[in-house]
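User: I would like to go through the labels given to this model and see what each one rests on.

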Amino acid sequence: IAQMDGKIDELKQEVQGLRASQNGIRQDIAGIHHEIAAVHATLVRHEGRLDRIERRLELSDAPSL
């Protein structure tokens with residue numbers, strides 16, 4: 001029984017370690033998601049600025065006739 005208790009304690013420690021590792025991975029993924037959202041927001045802003053510049057300069061992708 002004492003050996004089983006020792007093994008159970010080892011397993012509990014391993015599970016706690018795995019949970020801590022899993023939580024770290026979750027935090028990393030959340031951080032990456034946040035960074036991607038920030039990059040997306042920047043791209044959207046730049047796209048809007050380029051659209052305004054093209055309209056102001058009267059640039060168009062359509063071929064001139």
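User: Why is Arg52 called partly exposed?

Analyst: This is a predicted model. Arg52 has a relative accessibility of 49%. Exposed means over 50% and buried means under 20%, with partly exposed in between, so the value puts Arg52 in the partly exposed class.

User: Where is Arg52 found, and which patch does Arg52 belong to?

Analyst: Arg52 is found in helix α1. Together with Arg45, Arg49 and Arg55, Arg52 gathers in a patch of positive charge on the surface. Patch residues need over 30% relative accessible area, and Arg52 has 49%.

User: What makes Glu10 partly exposed?

Analyst: The relative accessible area of Glu10 is 42%. That lies between the limits of 20% and 50%, so Glu10 counts as partly exposed.

User: How do you know that the span of α1 is close to the expected one?

Analyst: Helix α1 covers residues 2-56 and has 55 residues. From its first C-alpha to its last it reaches 81 Å, and the span expected at 1.5 Å a residue is 81 Å.

User: What is found just after α1?

Analyst: Glu58 follows there, with a positive phi of about 55°.

User: Which residues form the nonpolar patch on the surface?

Analyst: Leu50, Ile53, Leu57 and Leu59 form this patch, and together they have about 400 Å² of accessible area. Among them, Leu50 lies in helix α1.

Terms used. Residues numbered from 1 in each chain as written. Predicted model: local features only at pLDDT ≥ 70, side-chain atom pairs only at ≥ 80, totals over all residues. Heavy atoms only, no water. Patch = residues over 30% accessible without salt bridge, like charges linked within 9 Å, V, L, I, M, F, W, Y side chains within 5 Å. Areas by Shrake-Rupley, 256 points an atom, 1.4 Å probe, with all protein chains shown as cover. Salt bridge = Lys/Arg side-chain N within 4 Å of Asp/Glu carboxyl O. Helix = DSSP H or I, 4+ residues; strand = E, 2+ residues; numbered from the N terminus. Lys, Arg positive; Asp, Glu negative; His and termini not counted. Charge placed at Lys NZ, Arg CZ, Asp CG, Glu CD. Buried < 20%, exposed > 50% of the residue type's maximum accessible area, 1.4 Å probe, protein only. Expected span 1.5 Å × (residues − 1).
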